[in-house]
Amino acid sequence: MSIGNSPEDERPFQDESQEARASVGRALQQARIAAGLTVDDVSAATRVRIAIIHAIEADDFGPCGGDVYARGHIRTLARAVHLDPGPLIEQYDDEHGGRPAPTPAAPLFEAERIRPERRGPNWTAAMVAAIVVVIGFVGFTAVKGGGDGSDAKAHVAEGATPATSKPVSPTPTKNKPAPPSTAPSDSAIAAAPQDKVTVQVSAPNGRSWISAKDHNGRMLFDGLLKKGESKTFQDSSKINLILGDAGAIELYVNGKKIDDNFQPGQVERLTYTKGDPVAG
């Protein structure tokens, strides 16, 4: 008979503090239940899809689209169930290799993305260019014709005295004004019509994936808005927006700047209608 430790004594030591510490998803689920909220209630309040909430509560962060957006979802859900998001985000970073570097926003909501409609040639721009060329040619011809007339008068002055006659003044050429550009400008946003809703999305602080639909659900834009770029959308009654990184975005709605304090990496779903810029 051998003398030594029993098999029970050789079992690996279990850290009770680790067992007592709930996972990120479990903590969010327990807080939601304690607050008397259903997954549908949280989805309606945060505009995070039900499937993503279920996945996060099961500690599956794959559907979030990356670490940056997973952290944004954790922050949003924690606030909805009255939890401090800071410790949960720190726990997520500890369990997933530390604070992630910024990732491209394009993969966000890949399941919801719709291929943008293929558009035909921009005949309006082609017509404007053709009109500008014609106006330039007519103006050049008129200027050149006036110069030739001056040279002819100089030659007559050097030779015999011409017969007395009234000088013929050249007929002025009226240049046709170029048609106005179809793209709305900043002044157009400032004077937005009250019978429509006008939304200008700019990315002065970085790039962000955005999606915009009209009141019929028709896709107006779906793609990456690079730093320094802007897009303007207009509809008769409603514009629906999804901002992949709301902290990089500035919004002007019906000529007024939206001063919401969006955080970097925060995902926002917004709806704007006619009248005062109030998020729907």
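Helices (H or I, at least four residues) and strands (E, at least two) are DSSP runs, numbered from the N terminus. This is a predicted model, in which local features need pLDDT of at least 70 and side-chain atom pairs count only at pLDDT 80 or more, while totals for chains, interfaces and linings use all residues. Residues are numbered from 1 along each chain as its sequence is written, and side-chain values use heavy atoms, with hydrogens and water left out.

Figure 1. The chain has 280 residues, and 31% of them are buried. Buried means under 20% relative accessible area, exposed means over 50%, and partly exposed lies in between (1.4 Å probe, protein chains only). The accessible surface comes to about 18100 Å². Carbon and sulfur atoms hold 54% of that surface. Accessible areas come from the Shrake-Rupley method with a 1.4 Å probe; for residues, only the protein chains shown count as cover. Take the contacts (heavy atoms within 4.5 Å) between residues at least 6 apart in sequence: 63% of these join residues at least 24 apart.

**Figure 2. Arg32 and Glu57 form a salt bridge.** A salt bridge is a side-chain nitrogen of Lys or Arg within 4 Å of a carboxyl oxygen of Asp or Glu. Side chains of opposite charge can pair when their charged atoms come close. The structure holds four salt bridges. In the Arg32–Glu57 pair, the closest N and O atoms are 2.7 Å apart. The pair links distant parts of the chain: Arg32 sits in helix H2 (residues 24-34) and Glu57 in helix H4 (residues 50-57), 25 residues apart. Arg32 has 10% relative accessibility, so Arg32 counts as buried. Glu57 is buried too, at 12%.

**Figure 3. Arg71 and Asp93 form a salt bridge.** Their closest N and O atoms are 3.4 Å apart. Arg71 belongs to helix H5 (residues 67-80) and Asp93 to helix H6 (residues 85-95), so the bridge ties together parts 22 residues apart in sequence. Both Arg71 and Asp93 are buried.

**Figure 4. Glu250 and Lys257 meet through their side chains in a salt bridge.** The N to O distance is 4.0 Å. Glu250 is partly exposed, at 26% relative accessibility. Lys257 is also partly exposed, at 41%.

**Figure 5. Asp59 belongs to a negative surface patch.** The patch is formed by Asp59, Asp60, Asp84, Glu90, Asp94 and Glu95. Patches are made of residues with over 30% relative accessible area and no salt bridge; like charges are joined within 9 Å, nonpolar side chains (Val, Leu, Ile, Met, Phe, Trp, Tyr) within 5 Å. Asp59 lies in the loop between H4 and H5. At 34% relative accessibility, Asp59 is partly exposed.

**Figure 6. Val134, Phe137 and Val138 make a nonpolar surface patch.** The patch covers about 290 Å². Phe137 is placed in helix H7 (residues 123-158). Its relative accessible area is 58%, so Phe137 is exposed.

**Figure 7. Ile239 is buried at 0% relative accessibility.** Ile239 lies in strand S5 (residues 238-243). Beyond its neighbours within four places in sequence, Ile239 is in contact with Val197, Val199, Lys213, Leu220, Phe233, Gln234, Leu270, Thr271 and Tyr272. Ile239 and Leu270 are 31 residues apart in sequence. In space, they are 8.3 Å apart, C-alpha to C-alpha.

Note on methods
Lys and Arg count as positive and Asp and Glu as negative; His and the chain ends are not counted. The place of a charge is taken as NZ of Lys, CZ of Arg, CG of Asp or CD of Glu.
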